[in-house]
Amino acid sequence: MSIHIDVQIADEITPLLRQLQAKLSGSQMTSAMRSIGIGIAALTKRAFDDPSLRPEQWPAKKDGSTATLRRKGMLWRSPRVTSAAANQVTVGSDRPYAGIHQLGYSGQVQVPSHTRRGNVSVRAHTRSLTMLPRPFFPVAPDGTPTAHAQQTIREVLAAHLRLRS
């Protein structure tokens, strides 16, 4: 799963981005965009432990306990910069289930044949699955970066501008 953040919106980020573009070469802009991505990936990881960083609150698990999205920590470790160029950065996850946690899911899933504990054989079948979203990437459902993500982007751009002044 990859999340694309479009920072070409009329806000406080765009002027900083234009200032930086005027001062940097293409490869230097790619470096700045990669820095933004690293900041967003770090923010994403912090959201697993800090509910205030999430775009929306996570629903409780079926048993009523608090959702953590951590079994082995693979999803938590997965956010990273997947690509960077002079005009964009993509932060994503290599976990195939990341999108289901971020966006939710409702539909049929294929269950392969398997053996349950106690040597009970189960044939392959389909079943209904509804999973409510538990977003951890700092992007609102409409694709807008959260306030924390926008702050991270502003801080990274300001730091790159200070380095080039």
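Predicted model: local features only at pLDDT ≥ 70, side-chain atom pairs only at ≥ 80, totals over all residues.
A crossing of two helices is called left-handed if the near helix is turned anticlockwise from the far one by less than a right angle, and right-handed if the turn is clockwise.

Helix H1, spanning residues 13–23, packs against helix H5, spanning residues 147–164, at an angle of about 30 degrees, and the axes of the two helices lie 10 Å apart. Because angles under 35 degrees count as roughly parallel, H1 is described as roughly parallel to H5. On the H1 side, the contact is formed by Ile-13, Leu-16, Leu-17, Gln-19, Leu-20 and Lys-23, which meet Gln-150, Ile-153, Arg-154, Leu-157, His-160, Leu-161 and Arg-164 of H5. When these residues are sorted by class, the contact of H1 with H5 holds 7 nonpolar, 3 polar and 3 charged residues.

Helix H2, which covers residues 26–47, also packs against H5, with axes that come within 9 Å and cross at roughly 145 degrees. In this contact, H2 contributes Gln-28, Ser-31, Ala-32, Ser-35, Ile-36, Gly-39, Ile-40 and Leu-43, while H5 contributes His-148, Ala-149, Thr-152, Ile-153, Val-156, Leu-157, His-160 and Arg-164. The contact of H2 with H5 comprises 8 nonpolar, 7 polar and 1 charged residues.

H1 and H2 also pack against each other, at an angle of about 145 degrees and with their axes 9 Å apart, and H1 passes H2 in a right-handed crossing. Here Leu-17, Leu-20, Gln-21 and Lys-23 of H1 meet Gln-28, Met-29, Ala-32 and Met-33 of H2. By class, the contact of H1 with H2 consists of 5 nonpolar, 2 polar and 1 charged residues.

At least two residues of the lining are supplied by each of helix H3 (74–77), helix H4 (98–103) and strand E7 (125–131), and E7 gives the most, with 4 residues. In terms of class, the lining of the largest pocket divides into 11 nonpolar, 4 polar and 7 charged residues.

Methods: Residues numbered from 1 in each chain as written. Heavy atoms only, no water. Nonpolar A, V, L, I, M, F, W, Y, C, P; charged D, E, K, R; others polar. Axes fitted to C-alpha atoms, helices over the stretch in contact; angles between N-to-C directions. Parallel < 35°, antiparallel > 145°, perpendicular 65-115°, else oblique. Contact = heavy atoms within 4.5 Å.
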